[in-house]
Amino acid sequence: MSGTEGDPGIGLLPRDGGAPARLSEVVYDGIVTLIAQGDLALNSRLPSEAELSERFGASRPVVREALGRLRQDGLVVSRQGSGSYVRRQPDLAVLRFAQVRSLADVQRCFEFRAGLESVAAALAAERWEPADLKQIEDALEALERCLGNGELGADEDQRFHEAIARATRNPYHVAVQSSLASHIAVGMNITRHLSRMRTPERIRAVQDEHVAIVDAIRRRDAGAAAEAMRRHVLNARQRMFEGV
């Protein structure tokens, strides 16, 4: 790889749609790949910053930024005076389902959504009209049918979250949800594909998170709706890097 040393904002690999990935995200993705493939085993020590810098053709500040994000996402842990160690090993399948986007970017999208959509759920609980609640409940029923039929349900999942945004009666929530649609779709596809590889109980648990959100909105309990949505999005973020 090549790039401008010392500038973490310089991108290298084009993404879907042509925008370059930040160099720190390229390093992040590279380290995740090494961990998922088992080249860096669970509990093993990562190469030094200098070694990673040489391996990825990036400056040490860029490597440091990537390692910071990996710590935030729970994949590595730093031990003072000893270096960084592999804390979690994602399922190798995540690389297949996320091959066209930066894994770091998907994780940051989940992070942003946790705040944005928890507020939307609270507002929806306070403001829904009967037509809004019907759209939310219809979306939940569509997800339930997907569960029963063994279908992925990514499109239905996205419609569920969009229905909640509309129920806020705030056009800015609708606009932001729409502008993020392609990014949100990537994360949903990854996590729902991975969930299908798990036990039926795990798939049911994911659906129960949707049910909890709707129950709170229906009761007009803004606090419970916000917490249920925040927990759901952050759980999805964790599920993306669930260990093998």
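Start by selecting V214, which sits in helix α10 (residues 200-218); helices here are DSSP runs of H or I, at least four residues, numbered from the N terminus. V214 is buried, at a relative accessible area of 0% (buried is under 20%, exposed over 50%, partly exposed in between, with a 1.4 Å probe and protein chains only). This is a predicted model, where local features need pLDDT of at least 70, side-chain atom pairs count only at pLDDT 80 or more, and totals for chains, interfaces and linings use all residues. Residues are numbered from 1 along each chain as its sequence is written, and side-chain values use heavy atoms, leaving out hydrogens and water.

What does V214 touch, not counting residues up to four places away in sequence? Show I136, E137, L140 and F160; contact means heavy atoms within 4.5 Å. I136 is 78 residues from V214 in sequence, yet their C-alphas are 7.3 Å apart.

Next, pick helices α7 (residues 154-167) and α9 (residues 181-196): they pack at about 130°, axes 9 Å apart. Axes are lines fitted to C-alpha atoms over the stretch in contact, and angles run from 0 to 180 degrees between N-to-C directions.

Last, two loop stops. N43, between α1 (23-36) and α2 (49-56), has phi near 75°, positive without being a glycine, and is exposed at 53% relative accessible area. R220, between α10 and α11 (222-240), also isn't a glycine and has a positive phi of about 60°; at 39% relative accessibility, R220 is partly exposed.
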